[in-house]
Amino acid sequence: MTAQMPARKPARPHFSSGPCAKPPGYDPAKLATEVLGRSHRSKIGKTRLQLCIDLMREVLQLPDTHRIGVVPGSDTGAFEMAMWTMLGARGVTAMAWESFGEGWVTDAVKQLKIDPTVIRADYGQLPDLSVVDFSTDVLFTWNGTTSGVRVPNGDWIPDDREGLTFADATSAVFAYDIPWDKIDVATFSWQKVLGGEGGHGVLILGPRAVERLETYTPAWPLPKVFRLVSKGKLTEGVFKGETINTPSMLAVEDAIFALEWAKSVGGLEGLKARCAANSAALDKLVQERSWLGHLAADPASRSMTSVCLTVEGADEALIKAFAGLLEKAGAAYDVAGYRDAPPGLRIWCGATVDAADIADLGPWLDWAWAEVKATASA
């Protein structure tokens, strides 16, 4: 016997953790297109890139002490650019509690041949932040997209640190308050909380990172797309819209649309409020269902954007069937957990999602659960 399908579907069933839901009201026809077909180095091209940078600074409330630039290769490209250009000057501590943190460990050990101190925690847990040695450069993810675990704040980072802090903040910016005085390097991509397009990364540098770049030359060769210094000085043009390689100006216009939408909902405070409302709506669904749980048990370190859920008795096959049923019904797309994470669900609760759609997801979770259980017992 099959379960009864719910009558109402989420109006926008886009719960992917990247690329994420487009902003409400998004329509490609609304994008400005005057720059398309023009050089990114033309006056209009540089003007639009600079506008995108200025809007990011405004919405993020980024201080003038920090530079912001658009770089190749999404968040991964931006973080690897920072690692390749600045690591090696002193010891390194790499923190890993999910897949991308482990990726930075792999880069440091196998690619850069650095022997970092590695501080790990299992999926769903946060390592002991009090043991971090800040005489070293410290690599960490602010919000673990694949584990649903985040650092609660920046209080664990000292003001008098000797090393640099490198924060992979791709699922955190635009969702939390980031203490920029604690962060020397931050990276993200537009495809997360803004619901922008992929392929481009954003690199934020504080003054201590700029000093490192201008006073230290790595022992290894740097690909052209990683080079941020010329004749011992920072290439300032990168942070004024003069990108290292050719960007997609369509993706830039898409990001500008998302940033202007962000301003329309109250800027950073509005985005944070939407994330909080979404994660609260999902937590309500979890609390009402005994077979659902949070992978991140501690609410203080639980993500409000990439929320990872446990499902009673789940294995990979069950989750694949569960997510497949929801997708086929058009009720929820891309909700299976990350491939390296424990089998479970992952529901994006970033600012471009509407809380009403998360509430409407609840009956569909019940339906899919009933279906997979019935199949398993048949």
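In the predicted model, helix α2 lies across strands β1, β4 (137–141), β7 (165–168), β8 and β9, and runs at about 40 degrees to β9. Helix α2 (residues 74–86) also supplies 3 residues to the lining of the largest pocket, the largest share of that lining.

The strands in question belong to an open sheet of 7 strands with mixed pairing, arranged in the order β1-β9-β8-β7-β4-β2-β3. From one strand to the next, the twist averages 20 degrees. Helix α1 (residues 43–60) likewise packs on the sheet, where β1, β8 (185–189) and β9 (200–205) are touched, and the direction of α1 makes about 125 degrees with that of β1. Strand β2 (residues 92–96) pairs with β3 in the parallel sense over 4 bridges, and M95 stands opposite I119 in β3.

A count of cavities of 30 Å³ or more gives 1, and the largest cavity has a volume of about 50 Å³. Residues lining the largest cavity include T146, L295, Y338 and L345. Strand β13 (residues 306–311) contributes 3 residues, the largest share of the cavity lining. This lining consists of 8 nonpolar and 4 polar residues, with no charged residues.

How values were computed
Residues numbered from 1 in each chain as written. Predicted model: local features only at pLDDT ≥ 70, side-chain atom pairs only at ≥ 80, totals over all residues. Heavy atoms only, no water. Helix = DSSP H or I, 4+ residues; strand = E, 2+ residues; numbered from the N terminus. 1 Å grid on protein atoms, 1.4 Å probe; cavity = no way out; pocket = protein on both sides within 12 Å on 5 of 7 lines; lining within 4 Å. Points joined across faces, edges and corners; volume = space filled by probe spheres on them. Nonpolar A, V, L, I, M, F, W, Y, C, P; charged D, E, K, R; others polar. Pairing = 2+ DSSP bridges. Axes fitted to C-alpha atoms, helices over the stretch in contact; angles between N-to-C directions. Contact = heavy atoms within 4.5 Å.
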